[in-house]
Amino acid sequence: MMLKAADVAVGDQHAAVVANDLSRTQIVQYAGASGDYNPLHTDEPFAREVAGYPGVFAHGMLTMGLTGRMLTDWVGDGRLLEFGVRFTAQVWPGDTLTATGTIREIAERDGVPVAVIDLVTTNARGEAVVTGTATARLDA
Amino acid sequence: MSAERFPVEAGNVLAFARAIGDDNPVYRDPEYAAASEVAGLIAPPTFTIASAQWDPDYPLRPKPGQPWYGSGASTGTMPAGGGGLHAEQHFTYHRPVRVGDVLSASTRPGSTWEKTGRSGRLVFNERITEFRDASGDLVVTARSVGVQRQPLAEGNS
């Protein structure tokens, strides 16, 4: 899918459930694929007894990757110019996450139309776990 | 995160896309990808984080012959300076990362700042990583912010 400048407007939204009952196995899968084996994410006894957390939690970058999936499914492949986030709350096994993008601005950059998109990913309790922005190239 | 050589391999891109639950064929199906707008297999937008696999000194991976700090027979121990968290991550894309690219990753420190909250002092450290292709052209610029919580000093200081 590719977005055309003429087909989008400020305020347009796209949302997707990007994790449904997040599993510890998916967190481990992400550890293996990314190379980040931090035991805070992969090792329950360590996370609980050494680090003092209720248990393991997801890598921030897993949540950013899940958020990116909503984004690329919306704006198309190879169209991102910028993608940046803050990690605002931890993501736990069992969480269900919804990523939402909202077009804040349609602008032109180097003669190319772009959409500036506000991002928020929330858990089932309505807490934001990731907030951010992205800029994507649009078709003229 | 520094790596002299970070080959973007089809198998790692496939595994990474699976880990983020992304079934987009542009990350795994060469025929589909070749016929698509990007004209070939590409990597998901956060994939460059996997350059950790090619960083010989990356600390968050067990290494042969070296003790690992996570649990085994015991619960493990927190290493000095351990327990930091990822506060922010920003990517600027100069072009898509393609399967077959051989990138280099070079990291330099950015700003450092602090915030004091009720639970203690938070120290933020920024690092900037440039990913360049074999011709030396910039492909992705990544800015990462880590945060470390430090307990408030005893007494008034």
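**Chain B and its side towards chain A**

Tutor: In chain B, 64% of the contacts between residues at least 6 apart in sequence join residues at least 24 apart; two residues are in contact if their C-beta atoms, placed from the backbone, lie within 7 Å. The model is predicted, so local features need pLDDT of at least 70 and side-chain atom pairs count only at pLDDT 80 or more, while totals for chains, interfaces and linings use all residues. Residues are numbered from 1 along each chain as its sequence is written, and chains are lettered from A and ligands numbered from 1 in the order in which they are written.

Chain B has two helices and five strands, in the order β-α-α-β-β-β-β along the sequence. Helices (H or I, at least four residues) and strands (E, at least two) are DSSP runs, numbered from the N terminus. The radius of gyration of chain B, taken over C-alpha atoms, is 19 Å, well over the 15 Å that the globule rule gives for 157 residues, so chain B is more spread out than a compact globule. That rule is 2.2 Å times the number of residues to the power 0.38.

Now the part itself. The contact takes 42 residues from chain B and 39 residues from chain A. On the chain B side, helix H1 (10-19) and strand E2 (85-93) each supply at least two residues, and E2(B) gives the largest share, eight residues.

E2(B) runs antiparallel to strand E2 (residues 80-87) of chain A, and five bridges join them; two strands pair if DSSP finds at least two bridges between them. Among the partners across this pairing, A:Glu82 bridges to B:Thr92, and A:Arg86 bridges to B:Glu88. E2(A) is also joined by seven bridges to strand E5 (residues 128-137) of chain A, again antiparallel, where A:Phe87 stands opposite A:Val130.

Then the helix. B:Asn12, B:Val13, B:Phe16, B:Ala17 and B:Ala19 of H1(B) are buried, that is, 20 or more other C-beta atoms, placed from the backbone, lie within 10 Å of their own. Seen down the axis of H1(B), its buried residues fall within an arc of 160°, so they line one face of the helix; the arc is that of the directions from the helix axis to the C-beta atoms. These buried residues pack against helix H1 (24-34) of chain A. Just after H1(B), B:Gly21 takes a positive phi of about 70°.

Technical notes
Buried ≥ 20, exposed ≤ 12 C-beta atoms within 10 Å, placed from the backbone.
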